[in-house]
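Student: I've got a new model open and I'd like to talk it through. Can you take my questions as they come?

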Amino acid sequence: MRPTGTYDTSYARDMAIVRTPLQWGLLVVFFAALIVYPHFSGQYWLSIATLTGITLIAVFGLHITTGLCGQINLGQSAFMAVGAYTSAILTANLGAEWFLLALPFAGIMAGVTGLIFGAPSLRVKELYLAMATLASQFIIVYMITRMGFLTGGALGFRVPWASIGGLVFDTPVEIYYLVAGIAVIVGLAARNITRSRVGRAFIAIRDNDLAAAVMGVNIYGYKLLAFFTGCFFAGIAGALWAHYLTYLNPDQFRLVDSVWMLGMLIIGGMGSTLGAVMGTVFIELLDVLTYYISPALSAAFPQLPTNVTWAVSLVVFSIAVIIFLVFEPRGLSHRWGIFKASYRLWPYGY
Amino acid sequence: MDMFLQFLVTGIMLGGVYGLVALGLVIIYKSSGVLNLAHGAFLLVMAMLAWTLADGMGLPMWLSIVAVLAVSVVLGYGVERVILRPLIGQPILATIIVTLALGFFLEGVAIISWGGDIVSYQKFLPREPFTWGPVIIPQAYVWSFLVAIALFILLLVFFRYTKYGLAMQMVSEDHQVARSLGVNVRTVFAQTWILAVMMAAIAGILYGSLHPLSMEMTHLGLVKAIPVVLLGGMNSLAGALVGGLIIGVAEVVGAGYIDPIIGGGFKDVVPLILMLLILLIKPYGLFGWVRIERI
């Protein structure tokens, strides 16, 4: 549903993501808000924003693999772990100044791992592929735990602060800017993939891969490329995670986290980049909500165990996912699209 | 050689338990085409419920088993009606995520209700292990194995000779054809889920008699039962049992010989590696129906 009065006079206009001056204005306001956010947000909300940004990068990756190309990936958290440990090991052993090199290398390592565990996508589809990636989630984390000589295993791994040039990212504000910048770049990349030749091939494979093959799309190559790209972004997210928390442990990368990210994608709306953003922000806010209501719950029901925060957030998250899947499977971005269409058409009904 | 024999027999018995868990999964897939990733959570909740009734409230064990079966009827019907029915036409990813979310929901409820402790049943099975030549088997394993075989035979008879079982198989193949022949598809779905949750209850209670109950039981459904189901073929009851035996033996033998070299925990990964291999070599499993794709 286009804004009224917009029409295309050139190919570039047809492909544009931002169409009207109003949209450009809103975009500038959004970036300005991102930049000044740390100044009035407070410590807690800054950390929430940073975590949301890191998760968003991984969810963009999942958006490419699962949302655009239809290859179900239940192991995104494990690929984040690969990226996290790669960057951690490189910067710990070679020095923190290598971060600028370690970051893309972490992405590449995660992408290659994604290729290995995404290889079953050439033989199996959908449900069976989901099971193969589920296996990858457990196997990768198991291997990280076993390779203690390299990764510290279950005892954990201390990660140095990241540094680019002489600038060391050791305060929350600096890390927030790093994460926000990379998240914006990754989001733009993901959105651009959608309107490129590669993106059209992905969408063709998702909709009907046999028909795509008949049309001449190299489905094997593009499926592997989808896995590589998705896991590349997961690796970058993992590296940022490592340098934000400065302590790594295999228990940070569980199946629940992978499913969480898929849930974010589904709640937001699978086929759109905006959906990935909306879903991630929604779930993170839900998490904050459970953090606030848990003490009240514990006070109201004293016989609840002490680790109830985790269980309550689990219950809230699963109920949210189930409700969305039952009532609005196309997600928040679909609702947002309906809202936009209704105000653009106003006062007409259709 | 003695050690190998011990591993083999223990593996077969353990495989019986895995097969029992997997039977519940196969039932649901056989009639509705949904892989129930929440099966492990059902195991946990049913087993904990039985524990609450038996140990917490002091009911005799047989009564708490009957009560848990009654609860599982209600739970199975409720889950099918509220959660699975709206998703009937949806792509497969939706059902995968919904069953995963359901599993996490039940796990969260279990942690809130029972506090994440490790509890054990009062022993309702005899304790002395059988000794068979050089091999020692705890009696609980043998009973579980026998129950698994008995249930398997019962289910085989059910699916082949009773009209409810035949209706379930019909529904799994084609909804329209089933409806045109007078089968109420919605009722069949409800019956399937009820049956599967009852199987989960039995499997959970039996598993609880072998091991202390902890929140880790949900793990069982995902990490152990799914490889069994994929190995055996998702539509096949016999496949569930055979797959269970293979995975059980592979796990115990593999762990027994390789764990000392690597340092522990390998037995959790053996079923997954086997699953990856079977997905690459023979994706539909040993006895599963092969899906022929046409444009």
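Student: How many salt bridges are there over all chains?
Tutor: A search of the whole structure finds six. A salt bridge here is a side-chain nitrogen of Lys or Arg within 4 Å of a carboxyl oxygen of Asp or Glu. Keep in mind that this is a predicted model, where local features need pLDDT of at least 70, side-chain atom pairs count only at pLDDT 80 or more, and totals for chains, interfaces and linings use all residues. Residues are numbered from 1 along each chain as its sequence is written, chains are lettered from A and ligands numbered from 1 in the order in which they are written, and side-chain values use heavy atoms, with hydrogens and water left out.

Student: Okay. Which residue does R335(A) meet in a salt bridge?
Tutor: R335(A) pairs with E328(A), at 2.6 Å from N to O. The two side chains also count as a polar contact, again at 2.6 Å. A polar contact is a pair of N or O atoms within 3.5 Å; within protein, one must be able to donate a hydrogen and the other to accept it, and residues adjacent in sequence count only if both atoms are side-chain atoms.

Student: Is E328(A) buried or exposed?
Tutor: E328(A) is buried, because its relative accessible area is 10%. Buried means under 20% relative accessible area, exposed means over 50%, and partly exposed is in between (1.4 Å probe, protein chains only). R335(A) has 48%, so R335(A) is partly exposed.

Student: Where is E328(A) in the chain?
Tutor: E328(A) is in the loop between α14 and α15 (331-345) of chain A. Helices (H or I, at least four residues) and strands (E, at least two) are DSSP runs, numbered from the N terminus. Leaving out residues up to four places away in sequence, E328(A) touches I323(A), H334(A) and R335(A). Contact means heavy atoms within 4.5 Å.

Student: Now chain B. Which residue forms a salt bridge with E251(B)?
Tutor: K224(B) does, with the closest N and O atoms 3.6 Å apart. This pair links distant parts of the chain, 27 residues apart: E251(B) is in helix α10 (residues 237-262) of chain B, and K224(B) is in helix α9 (residues 217-232) of chain B.

Student: Why does E251(B) count as buried?
Tutor: Because its relative accessibility is 3%. K224(B) is buried too, because its relative accessible area is 8%.

Student: What else joins E251(B) by its side chain?
Tutor: Y18(B), through a polar contact of 3.1 Å between the side chains. Y18(B) lies in helix α1 (residues 2-32) of chain B. At 4% relative accessible area, Y18(B) is buried. Beyond four places in sequence, Y18(B) touches several residues, including L220(B), K224(B), V228(B) and E251(B).

Student: And how far is Y18(B) from A148(B)?
Tutor: They are 130 residues apart in sequence and 9.0 Å apart in space, C-alpha to C-alpha. Compare another pair. Q191(B) and K267(B) are 76 residues apart in sequence and 35 Å apart in space, also C-alpha to C-alpha.

Student: Switching topic. How many residues of chain A are in contact with chain B?
Tutor: 44 residues of chain A are in contact with 49 residues of chain B. Together the chains bury about 4000 Å², 84% of it on carbon and sulfur atoms. Buried area is the accessible area (1.4 Å probe) that two parts lose on being put together, summed over both.

Student: Last one. Which residues make the nonpolar surface patch?
Tutor: W45(A), V281(A), L285(A), L289(A), Y291(A), Y292(A) and I293(A) make a patch of about 670 Å². Patches are made of residues with over 30% relative accessible area and no salt bridge: like charges are joined within 9 Å, nonpolar side chains (Val, Leu, Ile, Met, Phe, Trp, Tyr) within 5 Å. Accessible areas come from the Shrake-Rupley method with a 1.4 Å probe, and for residues only the protein chains shown count as cover.

Student: Which helix gives the most to the patch?
Tutor: Helix α13 (residues 273-300) of chain A, with six residues. W45(A) is found in helix α3 (residues 42-68) of chain A. W45(A) is partly exposed, because its relative accessible area is 34%.
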